[in-house]
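Subject: Handover of a structure

Dear colleague,

Please find below the sequence and structure that I am handing over to you. My findings follow, and I would ask you to read them with the structure open.

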Amino acid sequence: MVETTAPLRAGDVEDGQSGFIAADVGGTFARLGLAHGGPGAPEVIAQRRYACAEFPSLAAVLRQFGQELQAAGQGQAPSAAVVAIAGVLQGDRLLNSNLPWPVSLAATRSQAGLEQLQLINDFQALAWALPQLSPGQMLPLHADAALVPRLPALLLGPGTGLGAALVVPEGGGYRVLPSEAGHAALGAGNPLELEILRRLQDQFDHVDNERILSGTGLVRLYAALCTQQGQAPRWHTPAEVIAAADAGDDRLATQCLEVFCAWLGSLAGDLAITFCAGTVYLAGGITGHIGQHLSRGGFLRRFLDKGVLAPALQQVPVFRIEHGWLGIVGAAAWYRARHTGTTFRAR
């Protein structure tokens, strides 16, 4: 599946400016755009969204996009790309359990016909896009006029996996630190969560946060609740569970979203304490679909339920942000800063 968000037109890029590819690749979708930069923020045009499962490799996605650019009269396909992608790069190999294919940096560069290819963490890229957020993209879960966003800022989000990044002040600007908090051990905060965690420990050697706080984790949580209550699961995808909970006529689906949001709030509070965060931003593919459930109170109760540090967390605003195409905007901003020496400034 290919989704077009901006038409490809000859002349979109000035002569001699071939630009570079900026991409945001998750376990389900890959979003790509043609980026070129002036003195301000990079401009990203010709955005496309591809279903990862329909391609045999990351290189095939990059090639497809380059071919579409050429077909639209954009000249030669760009020779450079930056890809925001979930996982950790170890040497030439990307460590990730949520992608439909393995990723080798050298093989992808060669097979895609690129001279330069750089991979960065997907939530690291999202953090680089924070200066581009408009007020309408920041939906408050815990904020009032007295709570002003401050650094450090924590980004956290369930999608195909669970992403995280930290933005810390540095000089006159700030620095983005990637994180693999999704693979840290999952903790339980009440008897129900403890029972679910024990069941997962019988199935997996390592029960990390992604086992519950992700798209596949949401379905796993729903199935666990069904087992606990002696019922057969009716739903088998995240979209089905969320739709049933939204409709309000499926008790177990509704309970699943309540437990999910509360568990996510607990983790967000733990990480906010760990990093002394001044602001928390929730992103990720699942977050955008469960806004009404996040706002019902369970998330915030568990976020604040941190004993002696609860008053400190009362001063931490929490925003849900619409992720959308911010990943490729952030990837483009990272690339431009890396190659021009510009500073990532707070505002």
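Does Cys52 count as buried or exposed? At a relative accessibility of 0%, Cys52 counts as buried, because the cut-off for that class is under 20%. Please bear in mind that this is a predicted model.

The chain as a whole

The chain has 347 residues, and 53% of them count as buried. Its secondary structure consists of eleven helices and 14 strands. Among contacts between residues at least 6 apart in sequence, 69% join residues that are at least 24 apart.

Cysteines

A disulfide is a covalent bond between the sulfur atoms of two cysteines. How many disulfides does the structure hold? The number is zero. For comparison, the cut-off for a disulfide is a sulfur pair within 2.5 Å. Cys256 also counts as buried, because its relative accessibility is 0%.

Helix 5 and helix 6

Two packed helices are described by the angle between their axes and the distance between the axes. Helix 5 spans residues 215-228 and helix 6 spans residues 238-247; they pack at an angle of about 60 degrees, and their axes are 8 Å apart. Because of this angle, helix 5 and helix 6 are oblique to each other. Their crossing is left-handed. On the side of helix 5, the contact is made by Gly215, Leu218, Val219 and Tyr222, and on the side of helix 6 by Pro238, Val241 and Ile242. Sorted by class, this contact of helix 5 with helix 6 has six nonpolar residues, one polar residue and no charged residues.

Helix 6 and helix 7

How do helix 6 and helix 7 pack, and at what angle? The angle is about 105 degrees, with the axes of helix 6 and helix 7 (residues 251-274) 8 Å apart. Helix 6 and helix 7 are therefore roughly perpendicular to each other. In this contact, Val241, Ile242, Ala244 and Ala245 of helix 6 meet Ala253, Thr254, Cys256 and Leu257 of helix 7. By class, the contact of helix 6 with helix 7 has seven nonpolar residues, one polar residue and no charged residues. Cys256, described above as buried, is thus one of the residues of helix 7 that meet helix 6.

Yours sincerely,
A colleague

Notes: Residues are numbered from 1 along each chain as its sequence is written. This is a predicted model: local features need pLDDT of at least 70, side-chain atom pairs count only at pLDDT 80 or more; totals for chains, interfaces and linings use all residues. Side-chain values use heavy atoms; hydrogens and water are left out. Axes are lines fitted to C-alpha atoms, for helices over the stretch in contact, and angles run from 0 to 180 degrees between N-to-C directions. Helices (H or I, at least four residues) and strands (E, at least two) are DSSP runs, numbered from the N terminus. Angles under 35 degrees count as roughly parallel, over 145 as roughly antiparallel, 65 to 115 as roughly perpendicular and the rest as oblique. A crossing is left-handed if the near helix is turned anticlockwise from the far one by less than a right angle, and right-handed if clockwise. Contact means heavy atoms within 4.5 Å. Ala, Val, Leu, Ile, Met, Phe, Trp, Tyr, Cys and Pro count as nonpolar, Asp, Glu, Lys and Arg as charged, and the others, Gly among them, as polar. Buried means under 20% relative accessible area, exposed over 50%, partly exposed in between (1.4 Å probe, protein chains only).
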